[in-house]
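Here is a colleague's note to read alongside the sequence and the coordinates. Please go through the points with the structure open.

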Amino acid sequence: MEFENSLAFAEAMDANDELAHFRSRFIIPEKDGEEQIYFLGNSLGLQPRSTQKYIQHILDDWGRYGVEGFFTGKTPWYHYHDQLAYTLSLIVGALPHEVVVMNQLSVNLHLMMVSFYQPEGRRNKIICEAKAFPSDQYMFETYLRHLGLNPDEIIIEIAAREAEYTIRTEDILHAIEVHKNELALVMFGGVNYYTGQVLDLKTITAAAHQSGAKAGFDLAHAAGNIPLLLHDWGVDFACWCGYKYLNSGPGAVGGVYIHERFHHDISLQRLGGWWGYDKEARFKMEKGFKPVLSAEGWQLSTPSMILFACHKAALEIFEEAGLEKLFMKGQQLSNYLLYLLNEINSRSKNKSIDILTPQTEAGKGCQVSMLMLKDGRKIFDELGKQGVFADWREPNVIRVAPVPLYNRFKEVWKFAEVMRNCLKFKV
Ligand SMILES: Cc1ncc(COP(=O)(O)O)c(C=O)c1O
């Protein structure tokens, strides 16, 4: 698509956007009566207007029926989960019974380690990204210590090459090949939280499997942001959170995908709880753990219906909008932003922005990360004053994510305009 740097062009894009009306389904933060530019859907997605109503339904049923609400009312709580898993299965490219909605991301990563990290003699290494999101690093470190292993001897981190910002797939594949006889697990973030880089999950999974290792992914920044085909790619497990692109609120319930080939394997290690017990026999309260023979067999505790209600409100909007259209608009928004940033650079005597995010469709989703070479903090503060919600990461990185459900092309244009003005020259 041919882009133009003008407000009129951006407004024309919005006028032709068939998803534009979904913006009105969200509460947009305002200051002095003016809507702000919210580019932090990669951190905490905005609140759907329907969330309150769905929570109220739970409160009403709780008030009216007490514990009977599990089996009575408009949406009996006992089966509430099924409505969430179906939409999520479309979002992550899984079969509905391969998805379970439970706990939160860091907890779920620990639970998946129990089942999918099975060190055996020499085969005990884990390949992951250097500078992974801290929770993933702490999860590996503490889980390995819990097993009596030394993380420094187990973890092999893959970093970007010197003077590069993103990890090359060939470097991941090379490490898998080198360590193929001692590898137990390959685990990466599907979209890197810092650079916004999308990894080639299909190729990494195939290489991990060829070496005899399991492949799992942290999809915090991928679920609802990029197309995923976890089942077809044969991914063993994946975990994500509900509060970023999935708009399900602060501390939202998380999601887990487990490939169906593991569902009937009772011998697979796992931590159990009564909510993961065979649904038909759960209330017999018998001794001896018999898991549900689906991803639901990894549940432990009674889920929070309030959190489920928030998730349902948000997921319904995804289904209504259609994933293909959403992902296409997400690409267009980030492409437009990249076009405007590249233009700022090309008109500037000295380059002022290094773009960390890969600039190809396969290499990115909505997020664009910029290393500011000039006046980074000043520009970030000015963006805040002008009503732009962006994210600052040391040493000099601004991350933004214009998301397709509630952001506009006009906002992308305005963001670049503020940057241009801050850099004190006109494009
Ligand atoms: C990539 C990634 N992994 C893990 C986490 C931790 O998630 P939680 O706090 O829901 O456990 C986050 C949180 O932002 C994240 O971005």
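**Notes on the fold**

1. Start with the aromatics. Phe70, Phe71, Trp77, Tyr78, Trp274, Trp275 and Phe283 form one aromatic cluster. Bear in mind throughout that this is a predicted model. The structure holds 25 aromatic pairs. Tyr78 sits in the loop between α2 (51-65) and α3, while Trp275 sits in the loop between β10 and α10 (305-321). The pair thus bridges 197 residues of sequence and links distant parts of the chain. Both residues are buried.

2. A second pair deserves a look. Phe133 and Tyr193 have ring centres 5.1 Å apart and planes at 85°, so this pair is edge-to-face. Phe133 belongs to the loop between β5 (125-129) and α5 (134-146). Tyr193 belongs to the loop between β7 (183-189) and α8. The two are 60 residues apart, and again distant parts of the chain are linked.

3. Seven strands form an open sheet with mixed pairing, in the order β4-β10-β9-β8-β7-β5-β6. The edges are β4 (99-101) and β6 (155-158), each of which pairs on one side only. Neighbouring strands are turned by 15° against each other on average, direction ignored. Helix α3 (residues 80-92) lies across β4 and β9. The helix runs at about 125° to β4.

4. Which residues lie on each face? Phe237 and Cys239 are on one side, Ala238 and Trp240 on the other. All four are buried, and both faces are covered. Strand β8 (residues 214-218) pairs with β9 in the parallel sense, over three bridges. Within that pairing, Phe217 stands opposite Ala238, and Asp218 has Cys239 as its bridge partner. On the other pairing, β9 and strand β10 (residues 255-258) run antiparallel and are joined by four bridges. There, Phe237 stands opposite Ile258 of β10.

5. Phe116 and Phe237 are 121 residues apart in sequence, yet 8.0 Å apart in space, C-alpha to C-alpha. Setting aside residues up to four places away in sequence, Phe116 touches Ala184, Leu185, Lys214, Asp236, Phe237, Ile258, Phe262 and Leu268.

6. Next, a helix pair. Two packed helices are described by the angle between their axes and the distance between the axes. The axes of helix α7 (residues 169-178) and helix α8 (residues 201-210) come within 10 Å and cross at roughly 10°. The two helices are therefore roughly parallel to each other. Helix α7 contributes Thr169, Ile172, Leu173 and Ile176 to the contact, and α8 contributes Thr203, Ile204, Ala207 and Ala208. By class, that makes six nonpolar, two polar and no charged residues.

7. With a relative accessible area of 0%, Thr205 is buried. What does Thr205 contact beyond its neighbours within four places in sequence? The partners are Ala215, Phe217, Trp233, Gly234 and Val235. Of these, Phe217 is the residue opposite Ala238 in β9.

8. Last, Arg23. This residue is in the loop between α1 (7-15) and β1 (30-31). Arg23 has a relative accessible area of 7%, so a charged residue is buried here. Arg23 and Pro404 are 381 residues apart in sequence and 8.8 Å apart in space, C-alpha to C-alpha. Not counting residues up to four places away in sequence, Arg23 touches Ile28, Glu35, Leu405, Tyr406, Asn407, Arg408 and Glu411.

Methods: Residues numbered from 1 in each chain as written. Predicted model: local features only at pLDDT ≥ 70, side-chain atom pairs only at ≥ 80, totals over all residues. Heavy atoms only, no water. Buried < 20%, exposed > 50% of the residue type's maximum accessible area, 1.4 Å probe, protein only. Pairing = 2+ DSSP bridges. Axes fitted to C-alpha atoms, helices over the stretch in contact; angles between N-to-C directions. Parallel < 35°, antiparallel > 145°, perpendicular 65-115°, else oblique. Contact = heavy atoms within 4.5 Å. Phe/Tyr/Trp six-rings, centres within 6.5 Å; stacked < 30°, edge-to-face > 60°.
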